[in-house]
Amino acid sequence: MPVYENTKFILEKIGSTTLVCITKTIEPERINEAIRAGATIIGENRVQEYEDKREEILPCETHLTGHLQANKVKKAVQLFDVIQSIDSLKLIRYIDRRARDIGKVQRVYLQVNIGNEPQKYGFLPDEIKNAITEIRSLRNVRVEGLMCIPPFVPPEQTRSYFRKMKALFDEMKLENRDNIDIRTLSMGMSSDYTIAIEEGATMVRVGSAIFGKREY
């Protein structure tokens with residue numbers, strides 16, 4: 001099925017859950033098809049790739065979902081509505097400074113390494129509460145959600161990780177005050193988004209189920 005129909009199908013299937021169309025390697029014409037079908041948010045993995053094609057993309061909300069390097073922070077703060085991949089206190093402090101420079105309050109999600117995988121970015125689950133305590137003093141970032149990428153396992157085996165994320169999400173919502181306003185749980189991709197929704201995701205990040213298999 002073409003992009004327009006795929007997007008309509010996913011939106012219908014997920015109901016009130018928010019869809020982020022993951023558009024890495026996808027050309028603007030096909031991204032625009034998804035937007036015309038009702039997608040309101042796109043997610044890019046690389047700052048430079050989005051900058052190169054953004055002029056040709058229809059108006060929509062933009063999320064950075066990939067790892068953010070320090071040398072790209074200034075540009076990311078200028079380009080993206082939300083940065084989902086906050087994986088360290090050092091990074092969020094840098095974002096806070098860059099946002100202050102341009103008079104912006106940057107919306108962010110904290111990335112959780114829910115599988116405790118040494119090769120993956122993100123806060124460990126037991127680090128999140130202390131991180132939030134540290135972030136409270138920052139004035140140019142607002143934490144609006146948690147995000148995770150579970151271990152690479154068969155889809156049904158992601159369920160236990162999503163369940164842990166939902167428990168952490170519910171616990172961290174109790175911390176909401178000042179610049180902490182956690183209300184989004186971003187988890188689930190093309191292979192497992194239906195499972196993520198069953199376990200409490202409020203936002204899913206879907207790429208190949210909309211655009212087809214990527215060619216790198």
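A pocket is defined here, on a 1 Å grid over the protein atoms alone, as an open set of points where a 1.4 Å probe fits, with protein on both sides within 12 Å along at least five of seven lines. Its volume is the space filled by probe spheres set on the points, which are joined across faces, edges and corners. The model is predicted: local features need pLDDT of at least 70, side-chain atom pairs count only at pLDDT 80 or more, and totals for chains, interfaces and linings use all residues. Residues are numbered from 1 along each chain as its sequence is written, and side-chain values use heavy atoms, without hydrogens and water.

The largest pocket has a volume of about 750 Å³. Its lining (residues with an atom within 4 Å of a point) comprises 29 residues. Lys24, Asn45, Ile149, Met189 and Arg205 lie nearest the centre.

Strands are DSSP runs of E, at least two residues; helices are runs of H or I, at least four. Pairing requires at least two DSSP bridges. Strand 5 pairs with strand 4 (residues 82-86) in the parallel sense over three bridges. Ile86 stands opposite Leu110 of strand 5. Strand 5 also pairs with strand 6 (residues 141-148), in the parallel sense over seven bridges. Here Val108 stands opposite Val143.
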